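Student: Hi, I have a protein model open and would like to go through it with you. Could we start with how helices pack, and then move on to other things?

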Amino acid sequence: MTWSTRQVAELAGTTLKTVRHYHRLGLLEEPERSPSGYKRYDVRHLVRLMGIRRLTDLGVPLSDIPSVAAADGRSTEILRALDDELAANIERQQRMRRQLAAVLEDGASLDLPADFGAAAASLPRAQQDLLVAYSSVFTPTAMSVIRDQYARPRDGIAEEFEQLAADAPEDERRRLAGHLAAEVRAQRADHSFITDLDAASRRNGALTRSVVTQALVEFYNGAQLDVLRHLHALLEQHEADQADQADQADQPSTADLAVEGDERGELYRSGDAHPQGVTPGATG
């Protein structure tokens, strides 16, 4: 017994159009025709069509079906590549589900970068937009540091800064900068890479700086930007003071200088050194 194209398509769980498409691609052999010109499919065509359907259901591209069906040298390679692709898709979908769960169960914002959770959802809109802009240029490691900062309970100083009015007085701006400086120094001690914008960036350095600069100007008001300027000056002064202390620690004591002077004098008197070789001021 034979079947028409429509019948064999129905038996294989596909459509008339799909069967014809497989014929055009050469995946399915054309059957013999009846005297009246109609195609007559037999069980061999049905089995072949079912095999094609199974491979397409597994995700095998139509162009690779001949190799996989024939189990030739490329068959294993094609199937392994397909398996890797499916694994990546599963991981992506699982990540998407975690993000949706954070929104549905924890109240996280869809606007925030992934994995920021509910902690940052209560931030002012400007702060949320700032985080979104940062996520376009910073590495996952840098963003995880920022996320951990927002995951901790925020103190009053952080909230004061977030709510700082554009017309806040100068003394309030400087006070906030002073409190923030101590926190930033602690963060730098724990995460030294954050002092290097290039190390924290996954983009070109100039591009990263342009994003950070424009984001700060756009999403912070004038008083907040002034606090950040004061904060930057305090951090620079602190680093300069530390450098001075380190230099002083490396400088020889007065007694050492006296001994050094005596030794150089002995070298000079013994003719082992030229007086021009003595560093000016080294003994005075």
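Predicted model: local features only at pLDDT ≥ 70, side-chain atom pairs only at ≥ 80, totals over all residues.

Student: OK, what about α6 and α11, how do their axes cross?

Tutor: The axes of α6 and α11 come within 10 Å, and they cross at roughly 170°. An angle over 145 degrees counts as roughly antiparallel, and therefore α6 and α11 are described as roughly antiparallel to each other.

Student: Which residues of α6 and α11 meet there?

Tutor: From α6 there are Ala-126, Asp-129, Leu-130, Ala-133 and Tyr-134, and these meet Val-211, Val-212, Ala-215, Leu-216 and Phe-219 of α11. The contact of α6 with α11 divides into 9 nonpolar residues, no polar ones and 1 charged.

Student: Asp-129 is in that list; which side chain does Asp-129 meet in a salt bridge?

Tutor: The side chain of Asp-129 forms a salt bridge with that of Arg-125, with 3.1 Å from N to O. Both residues belong to helix α6 (residues 125–135), and because they are 4 residues apart in that helix, about one helical turn separates them. Asp-129 has a relative accessibility of 22%, so Asp-129 counts as partly exposed.

Student: Why would two side chains pair up like that in general?

Tutor: Side chains can pair when they carry opposite charge and their charged atoms come close.

Student: Are Glu-160 and Arg-175 buried or exposed, or something in between?

Tutor: Glu-160 is partly exposed, since its relative accessible area is 29%, and Arg-175 also counts as partly exposed, at 36% relative accessibility.

Student: What about Asp-198, which side chain does it meet?

Tutor: Asp-198 and Arg-209 meet through their side chains in a salt bridge of 3.1 Å, N to O. Asp-198 lies in helix α10 (residues 197–200) and Arg-209 in helix α11 (residues 205–219), so this pair ties together parts that are 11 residues apart in sequence. Asp-198 is partly exposed at 43% relative accessibility, and Arg-209 is partly exposed with a relative accessible area of 38%.

Student: Which residues are linked in a network of salt bridges?

Tutor: Arg-173, Asp-226 and Arg-229 are linked in such a network.

Student: New topic, histidines. Where does His-23 lie, and is His-23 buried or exposed?

Tutor: His-23 lies in helix α2 (residues 16–25), and with 10% relative accessibility, which is under the 20% cut-off, His-23 counts as buried. Leaving aside neighbours within four places in sequence, His-23 is in contact with Leu-28, Glu-29, Glu-30, Pro-31, Lys-39 and Tyr-41.

Student: And where is His-179?

Tutor: His-179 is in helix α9, and at 42% relative accessibility His-179 counts as partly exposed. The C-alpha atoms of His-179 and Ile-157 are separated by 7.1 Å, although these residues are 22 residues apart along the chain.

Student: Last one, what is the phi of Ala-71, and where is Ala-71 found?

Tutor: Phi of Ala-71 is near 55°, which is a positive value in a residue other than glycine. Ala-71 is found in the loop between α4 (65–70) and α5 (75–106), and Ala-71 is exposed, with a relative accessible area of 59%.

Notes:
Residues numbered from 1 in each chain as written. Heavy atoms only, no water. Salt bridge = Lys/Arg side-chain N within 4 Å of Asp/Glu carboxyl O. Helix = DSSP H or I, 4+ residues; strand = E, 2+ residues; numbered from the N terminus. Buried < 20%, exposed > 50% of the residue type's maximum accessible area, 1.4 Å probe, protein only. Axes fitted to C-alpha atoms, helices over the stretch in contact; angles between N-to-C directions. Parallel < 35°, antiparallel > 145°, perpendicular 65-115°, else oblique. Contact = heavy atoms within 4.5 Å. Nonpolar A, V, L, I, M, F, W, Y, C, P; charged D, E, K, R; others polar.
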